[in-house]
Amino acid sequence: MRLLHQSEAEAKKLALVASRTENIVIITDPQGRIEWVNDAFTRVTEYTLQEVHGATPGSFLRGPETDQETVPYMRERLSKGEGFEVEVINYSKSGRKYWVQIKVQPIYEISGELTGFTAIESDVTERKRAEEELHLRDRAMGAAAEGIVISDPNQPDNPLVYVNDGFERLTGYSRQEILGRNCRFLQGRGTDPAALEHIRECIRERRECLVELLNYRKDGTPFWNRLSIAPLRDAKGRLTHFVGVQSDITARKLAEERLAAANAEILASNNRMKRELEAAAIVQQSLLPTLLPRMEGVEFAWLFKPSAELAGDQLNVMQLDDAQVALYLLDVSGHGVASSLMAVAANLLLSRKVDSPSPESDEPLGGPVPTVTSPADTAMLLNQQFPREKTAGQYLTLVFGMLNVKSGEFRYVAAGHPGPVVVRKDAPPSALEAPTALPIGLFPASYEERSVQLCRGDRIYLYTDGITEAMNASGDEFGVPRLLFQLSELQVLPLDQTLNALMESLEEWRCHECLRDDVSLVALEWKK
Ligand SMILES: Cc1cc2nc3c(=O)[nH]c(=O)nc-3n(C[C@H](O)[C@H](O)[C@H](O)COP(=O)(O)O)c2cc1C
């Protein structure tokens, strides 16, 4: 009787535990039909005992994502009266999905008869979610193109404890070969000691670092490794691991090296070209008049300011005979080598034309050159020397004048060039008419010439449009009226000083900015 009371009391205690536990408890008959469930069952599944009594749990807890292979497995074990343990997706009454771990035990009487099953179940949704997240991260690390490694600095020599597929692909080593080793096995000849020292320092100081260093694959081929290392800490801030990410930047490094080599080559050829241009400029400037003709009753001056190393302007003053002197100024379209070559060629032709050619002298460019007879003929002959087919689209403008020093008659031609300016001693200055608009080197043409009679003290100026087209900060051109005004104001100065003074006011107008175009001037004063 006492024994009976004792087992009844224990049964009551067990029933109390079963009903109050956090875990779901289900008791079924031998066919697996529900006879009893505890409160946790109702809390998780949202079904009461009345609702599910007599039903098998699977008949109402399963849903679309319940693993189809687990169900027949459970059925088979139950039919054999055997226990089992599974994890499966279930659905609550309202359709909420959850993972449940199920442990089923059969209940046998001492006689060996199966009287039912007990199932103890726990909701493992959180754990499953964490596992899935971990699995996802693992897959992501595996799929990454970069190498990803983890080392354990708490073990001797900081060995690798994880490497991803990317690292295997990058280095050619398999996991088995490298786990447990320090990552320095990738280094070799040419690995920068300064980069290694930087890594050592960062590891010592437990901070992150980023280096680019030469590494070697298993097959011995080198590659440039962009390596970033970062410390990993636990919740208490203690260092647990280092994570390293390796990217192959060989292609970029090679491109950089090629670019640097190409840059060095460009720089060298640029310097060579610069030296050549400087030498060419010296040769070009040597063609400028060094000695001006000394003739009684006339004075000359010139000024030349190139905008770049090689100018497109050329000028000269040449004595033709006892009475005649020629002066000219030419301006080739554009700048640079082609323009300057054309300017030099034209200058040589013009100089040769006015020189008396000696029979044994070499023929200049383009064949024999007749001597100058008049400004108009000179322009026409020069135009014949530069037919369009030979000038590659370039042309030049020319102002060419001849002064009879005895009579003071000044004849001139302007081919696509501004006409000369005459500054009279006793009358206002004026820009002389330029009757021919056509430059030299475009089409066959004849050129009209004009003449003007000078009086004692009158001055003639030939100029290039580098002066009149020079702009100030507001975009206004210096212009012909300002040129005339300046030259008449400067009349009090000796001839050569007027050129420098004009240049100064031009500089002022342009706010001392670099010249955009060459500036050239040739001037004479008739003093007879
Ligand atoms: C996580 C991690 C990854 C590393 N990955 C590389 C690597 O890819 N290539 C390399 O040359 N060194 C790598 N190192 C650096 C070497 O393991 C080592 O720290 C370096 O050679 C300097 O130390 P030592 O003087 O002991 O060799 C890595 C280090 C760590 C901690």
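Predicted model: local features only at pLDDT ≥ 70, side-chain atom pairs only at ≥ 80, totals over all residues.
Visitor: How far apart do the C-alpha centres of domain 1 and domain 2 lie?
Guide: The chain is divided into domain 1 (2-129), domain 2 (144-248) and domain 3 (289-526). For domain 1 and domain 2, the separation of the C-alpha centres is 51 Å.

Visitor: Which residues come nearest to the ligand?
Guide: The shell around the ligand has eleven nonpolar, eight polar and two charged residues. Elements that give two or more residues to this shell are strand E6 (147-151), helix H9 (193-204), strand E8 (209-216), strand E9 (222-233) and strand E10 (239-248). Of the 21 residues around the ligand, those that come nearest are Ser151, Cys183, Arg184, Phe242 and Gly244.

Visitor: What distance separates the end C-alpha atoms of H9, and what span should its residues have?
Guide: H9 has twelve residues, and at 1.5 Å a residue they should span 16 Å. The end C-alpha atoms of H9 agree with this expectation, because their distance is also 16 Å.

Visitor: Does H9 lie largely in the open or is it buried, and how many of its residues are buried?
Guide: A residue counts as buried if 20 or more other C-beta atoms lie within 10 Å of its own. H9 lies largely in the open, because the number of its twelve residues that are buried is zero.

Visitor: Is Arg206 buried or exposed?
Guide: Arg206 is placed in the loop between H9 and E8, and its phi is near 55°, a positive value in a residue other than glycine. Arg206 has 11 C-beta neighbours inside 10 Å, so it counts as exposed.

Visitor: With which residues is Arg181 in contact, leaving aside its neighbours within four places in sequence?
Guide: Arg181 is found in the loop between helix H8 (175-178) and H9, and it counts as partly exposed because it has 14 C-beta neighbours inside 10 Å. Arg181 and Glu10 are 171 residues apart in sequence and 59 Å apart in space, C-alpha to C-alpha. Once the neighbours within four places in sequence are left aside, the residues in contact with Arg181 are Pro159 and Leu160.

Visitor: What is the phi of Glu46?
Guide: Glu46 is found in the loop between helix H2 (39-45) and helix H3 (49-52). With 14 other C-beta atoms within 10 Å, Glu46 is therefore partly exposed. Its phi is positive although Glu46 is a residue other than glycine, and the value is near 70°.

Visitor: Which strands are the edge strands of the open sheet formed by five strands?
Guide: Strands of a sheet pair through backbone hydrogen bonds, either parallel or antiparallel. Here the order is E11-E20-E19-E16-E17, with antiparallel pairing. Two of the strands each pair on one side only, and these edge strands are strand E11 (298-305) and strand E17 (430-431).

Visitor: Which residue in E19 stands opposite Val422?
Guide: Strand E16 (residues 421-423) and strand E19 (residues 459-463) run antiparallel and are joined by three bridges. In E19, the residue opposite Val422 is Ile460.

Key. Residues numbered from 1 in each chain as written. Domains from an automatic or database assignment. Near = placed C-beta within 6 Å. Helix = DSSP H or I, 4+ residues; strand = E, 2+ residues; numbered from the N terminus. Nonpolar A, V, L, I, M, F, W, Y, C, P; charged D, E, K, R; others polar. Expected span 1.5 Å × (residues − 1). Contact = placed C-beta atoms within 7 Å. Pairing = 2+ DSSP bridges.
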